[in-house]
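Student: I have a model open in my viewer and would like to learn how to read it. Could you walk me through it?

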Amino acid sequence: MLWIEQLLNGLQYSLMLFLFAAGLTLVFGIMNLVNLAHGSLYMLGAYAAAALTTYSGSYVMGLLGALLFMGAFGAVLEIVLIRRLYRQDHLTQVLATFALILIFNESVRIVWGVQPLPYDMPAALSGSVPIVGDLRYSAYRLALIVAGVVVALLLYWMVARTRVGMWVRAGASNREMVQMMGVNVRWLFTAIFALGAALSGLAGAALAPLMSVQVGMGEEVLILAFVIVVVGGVGSVRGAFIAALLVGMVDSLGRAWLPGLLGTVLPPAIVSDLGPALASMSVYLLMIVVLAFRPMGLFSPGATSLWPKWLRVRPSPMLAGSAPGSASS
Amino acid sequence: MKRITRWALSLMACASLATAGATELRIGVMTTLSGAQAVSGVDMRDGIELAVKQLSGKVGGQPTRLIVADDQFNPGAAKQIAERLVKKDKVQVLTGIIYSNILLAAAPVALENGNIYLSSNAGPSQYAGAQCDSGFFSVSWQNDAVHEAAGKYAQDKDYKRVILVAPNYPAGRDATTGFKRFFKGEVVEELYPKLGQLDFAVEIARLREQKPDAVYFFLPGGMGINFTKQYRAAGIPDKTSLLTSQFSADQDTFAASGDAMIGVYNTGHWSTDTDNAPSREFVAGFEKAYGRLPSFYASQGYDAIMMIDAAVRAAGGNADDPVALRKALAESKFKSVRGKFSLGPNRFPVQDFFVRVVSRDSKGRLYNKTESLVLSNHADAYGAACTQK
């Protein structure tokens with residue numbers, strides 16, 4: 001039973017990581033912008049949801065309100081500031097977005113204070129549900145899994161099947177060409193940034209009832225999100241999905257089983273030191289292995305097949321040489 | 001022009017220092033006031049300021065200047081700020097630090113200059129044992145002590161199988177060591193999540209599988225809030241008792257954790273319901289001034305000022321003589337909010353520890369209801385190694 005619960009834990013963690021990382025990889029891949037403030041958007045989403053839920057008294061209103069608010073907030077932020085950073089080098093972007101982290105953290109502190117905000121899960125989901133046998137699992141975590149899958153599917157549909165998605169994929173593989181083809185990149189970028197902010201805010205809002213809503217809560221996830229972006233391939237939403245699953249599973253299952261596995265070969269005194277250390281390293285070891293074999297990450301941007309390019313059987317050299325994104329057939 | 005103004009300003013600052021009277025008492029309060037870890041620091045500062053206010057701004061009967069600084073939860077910055085407080089502001093006493101790693105960086109600055117560091121929170125084993133210093137005093141506890149009380153409580157309750165959860169960093173290891181020093185049953189498993197980890201689903205699954213009699217967790221601040229909320233949502237049967245210390249269950253975490261904390265047993269040396277005159281006066285004063293109940297951090301800040309007050313009075317009002325002030329502090333008799341209070345030979349408190357249970361008061365707010373005495377006149381395990389008396 002334990003392994004089922006740990007798998008569910010890993011899945012739930014992965015899906016939330018994906019929601020968070022999807023926006024980051026799009027912004028990084030398409031606008032070539034390193035946005036360190038992505039974690040702040042996650043924090044703001046959680047605060048917005050907590051505040052709106054307390055104000056309206058309804059969890060659903062709070063969640064939807066936070067989603068809309070974060071979308072709008074992302075759009076405004078892009079127009080006012082982020083837009084000016086695209087042409088700058090990465091160092092400038094890092095400095096500017098790091099400044100944003102500090103500004104957002106202190107602003108939140110001024111508005112809501114240093115005490116973490118109270119935010120409870122809706123009563124209907126606060127219990128646990130039986131899964132198999134005597135295993136019970138948190139209803140809220142199950143709902144997160146369902147919601148994560150739905151959002152991932154919606155995102156997949158949007159990126160792989162719609163015109164905007166086509167622009168996004170094209171933009172990720174060749175930005176200049178998309179501009180040449182007459183796509184209004186300005187508004188496309190605003191839309192992508194707003195989408196990324198909304199997704200990040202949604203992850204924050206959805207996780208908030210399990211977490212403490214506090215200043216700086218976004219920084220912890222940010223590092224993992226960058227691991228996911230790099231492992232998945234910068235700019236690839238599918239890459240981010242697969243990488244989020246990998247990272248989430250390796251992290252959860254590593255923490256769950258690594259100490260036990262080590263215990264079978266090593267004395268307990270060493271295991272209690274080595275186990276936790278190795279478990280917290282496992283994600284980064286995964287990243288090193290992936291990058292050693294695939295320096296650009298698992299998926300090149302814009303590909304829509306489930307398999308990465310290097311695993312695909314190519315029908316003919318002619319087709320293989322065509323533009324990225326055309327392999328969806 | 002700008003530069004000239006700055007010069008003029010710093011000259012004026014120097015002048016104002018020079019004119020200060022010899023009897024002025026200057027207390028440096030360095031604590032964590034920004035970032036995610038600031039909750040406890042803000043309470044510390046508020047407790048200290050309240051005490052000074054209640055003494056009408058005259059600690060020890062002397063005109064008092066409080067110099068409050070933010071350590072930014074950064075040992076490097078803390079060291080620099082301590083230098084500034086000690087050398088430029090010439091504080092006679094430094095206090096307020098919450099975290100052990102900050103204290104280990106900053107306290108030496110005060111001690112090397114012959115000043116006094118009065119710890120109102122962190123109590124690392126170094127200063128209780130071999131590295132103890134005649135200028136270092138604690139008005140709180142040695143780090144292990146609260147966990148030792150929890151271990152004793154688990155032992156008294158006759159729990160057979162216990163799982164320990166603590167972050168994988170020195171204070172986390174100290175916590176499990178302290179617990180095991182007094183708990184003689186079986187420790188089924190020790191889980192060490194990463195410091196700052198926010199999702200404990202994996203650890204909670206282990207707890208469910210192992211079905212221990214009790215879980216003892218030391219997860220400070222946000223980690224503890226998350227753990228408790230997630231533990232409650234996981235639907236683990238009530239057969240397993242949830243046990244922790246004041247670091248995870250006090251006024252600083254109640255607001256955010258809400259009902260999830262109700263019924264959690266935890267150990268500490270003081271609670272808002274501690275029944276004595278100084279405590280009642282402190283709680284009422286704090287509530288009136290800040291509109292919330294004080295955490296134990298605030299109580300320790302308050303006690304620190306009251307301890308300095310008594311010592312300066314005993315030293316005849318002369319705060320500039322560090323030797324006399326040290327002697328007075330070591331023998332200090334002040335009315336602590338926790339009731340009886342005395343210092344051991346290593347200048348760490350010898351005190352009682354209680355078990356409390358998180359409950360609702362008559363106004364519907366969460367508070368720690370004191371249940372019973374767990375450890376009486378408890379001194380820490382390191383004092384014997386302290387040679388500098």
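Predicted model: local features only at pLDDT ≥ 70, side-chain atom pairs only at ≥ 80, totals over all residues.

Student: Let's start with helices. How are two packed helices described?

Tutor: In general, two packed helices are described by the angle between their axes and the distance between the axes. Here, take helix α2 (residues 38-56) of chain A and helix α9 (residues 217-232) of chain A: their axes come within 8 Å and cross at roughly 135°.

Student: Which residues of α2(A) meet α9(A)?

Tutor: On the α2(A) side they are His38(A), Gly39(A), Ser40(A), Tyr42(A), Met43(A) and Ala46(A). Their counterparts in α9(A) are Met217(A), Gly218(A), Glu219(A), Val221(A), Leu222(A) and Ala225(A). By class, this contact of α2(A) with α9(A) has 7 nonpolar, 4 polar and 1 charged residues.

Student: At what angle do α9(A) and α10(A) cross?

Tutor: Roughly 125°, with the axes of α9(A) and α10(A) coming within 8 Å. That makes α9(A) oblique to α10(A), and the crossing of these two helices is right-handed. Residues of α9(A) that meet α10(A) include Leu224(A), Val227(A) and Ile228(A), while Ala240(A), Ile242(A) and Leu246(A) are among those on the α10(A) side. The residues of this contact of α9(A) with α10(A) divide into 11 nonpolar, 2 polar and no charged.

Student: Now to chain B. In what order do the strands of its open sheet run?

Tutor: The order is β2-β1-β3-β4-β5 (chain B), 5 strands with parallel pairing. At the edges sit β2 (64-70) and β5 (136-138) of chain B, each pairing on one side only. On average, neighbouring strands of this sheet are turned by 20° against each other, direction ignored.

Student: How many bridges join β3 to β4 of chain B?

Tutor: There are 3, between β3 (residues 93-95) of chain B and β4 (residues 116-119) of chain B.

Student: Which strands does helix α3 of chain B lie across?

Tutor: Helix α3 (residues 75-88) of chain B lies across β1 (25-31), β2 and β3 of chain B, at about 170° to β1(B). Helix α4 (residues 100-112) of chain B lies across β1, β3, β4 and β5 of chain B, at about 145° to β4(B).

Student: Into which domains is chain B divided?

Tutor: Domain 1 of chain B takes 2-141 + 275-343, and domain 2 of chain B takes 145-268 + 353-378. Their C-alpha centres lie 30 Å apart, and the contact takes 13 residues from each of domain 1 and domain 2 of chain B. On the domain 1 side, α2 (38-54) and α12 (296-314) of chain B each give two or more residues, and the largest share, 3 residues, comes from α2(B).

Student: Finally, how many residues do chains A and B put into their contact?

Tutor: Chain A gives 35 residues and chain B gives 27 residues. Within chain A, α1(A) gives the most to the side that touches chain B, with 6 residues. The residues of that side of chain A divide into 14 nonpolar, 15 polar and 6 charged.

Conventions
Residues numbered from 1 in each chain as written. Chains lettered and ligands numbered in written order. Axes fitted to C-alpha atoms, helices over the stretch in contact; angles between N-to-C directions. Helix = DSSP H or I, 4+ residues; strand = E, 2+ residues; numbered from the N terminus. Contact = placed C-beta atoms within 7 Å. Nonpolar A, V, L, I, M, F, W, Y, C, P; charged D, E, K, R; others polar. Domains from an automatic or database assignment. Pairing = 2+ DSSP bridges. Parallel < 35°, antiparallel > 145°, perpendicular 65-115°, else oblique. Left-handed = near helix turned anticlockwise from the far one by under 90°.
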